[in-house]
Amino acid sequence: MLCPPLSDSQRMANEFEYCTVASELGVREAVSRAIEHLKTLGLQEEQAGNVEIALSEAANNVVEHAYAGMLPGEVCITGRLLQGILSIEIRDEGAPLPSGKLPEGKPADLSCAFEDLPEGGFGWFLIRSLTETVDYDRIEGVNTLSLRFNLA
Amino acid sequence: MSLTSTVTDGTRIITVNAERIDAALAIQFKEDMRTETEAGPDHVILDLSSVNFIDSSGLGAIVAAMKQMGGHRNLDLAGLTPTVDKVFRLTRMDTVFNLFSSLEDAKAAIGN
């Protein structure tokens, strides 16, 4: 099992963990719960919106890429807010990132003909734009993407 | 159906009846937009005032909705809430679409 649930007594108020089957609807619900939790910790609307965009992109990448072509497994979102620093980890047991590295996340090229305007490829650019740091690790078949936000 | 639509003074106004245009809704949204814009006025305003969140899939679906209308027609976006507005500005899609803070502003801009 990817994420043994913590009991309420083990988890501090400034920590959260939401696990879901890696589907679009599952991610929608888990991300929404994480954002609601963060709002109870005092995140302002704009900060919450920024975190929601980055987190949603990262978790949907798991659904669309890590578990592509296989039965969807689990994706877990854990977070901790400490002294204005929000650290979020997204874990899954799907395929590793191509060549084991984080994509560069360049902005999409819009200087093209109307019919060639991009309909995707914005995700990593948004993640990198909205986070302080992004790190990726794969240990014993588990992908961990770590997002860090400076909310101070 | 994620949308409702009316034609006023030669402009089609399409209202999104969803709080989120995300990966779970994007494909349905694009198909609903095709249904709503297949015929009718060349000028379409998409009212996003009920939408408080969009992700890159939703953004891509709005781009696709504009492309499937054809290059000679216009899709303007109205009523962007703060997080939706941010996604358009970060990705520079604010240079591709006309963005209006309210439906009234969007209508006024085309003389309705």
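Residues are numbered from 1 along each chain as written, with chains lettered from A. In this predicted model local features need pLDDT of at least 70, while totals for linings use all residues.

Me: What volume does the largest pocket have?
Reply: Happy to start there! A pocket is an open set of points on a 1 Å grid over the protein atoms alone, where a 1.4 Å probe fits, with protein on both sides within 12 Å along at least five of seven lines. Points are joined across faces, edges and corners, and the volume is the space filled by probe spheres set on them. For the largest pocket that gives about 330 Å³.

Me: Which element gives the largest share of the lining of the largest pocket?
Reply: Lining residues have an atom within 4 Å of a point, and helices are DSSP runs (H or I, at least four residues), strands likewise (E, at least two), numbered from the N terminus. Two or more residues each come from α1 (24–40) and α2 (45–66) of chain A and α3 (82–90) of chain B. The largest share, six residues, belongs to α2(A).

Me: How many residues lining the second largest pocket are nonpolar?
Reply: Nonpolar means Ala, Val, Leu, Ile, Met, Phe, Trp, Tyr, Cys and Pro; Asp, Glu, Lys and Arg are charged, and the others, Gly among them, polar. This pocket is lined by 17 residues, with A:N61, A:H65, A:A66, A:L97 and A:W124 nearest its centre. Four lining residues are polar and one is charged, and the nonpolar ones number twelve.

Definitions and conventions. Predicted model: local features only at pLDDT ≥ 70, side-chain atom pairs only at ≥ 80, totals over all residues. Heavy atoms only, no water.
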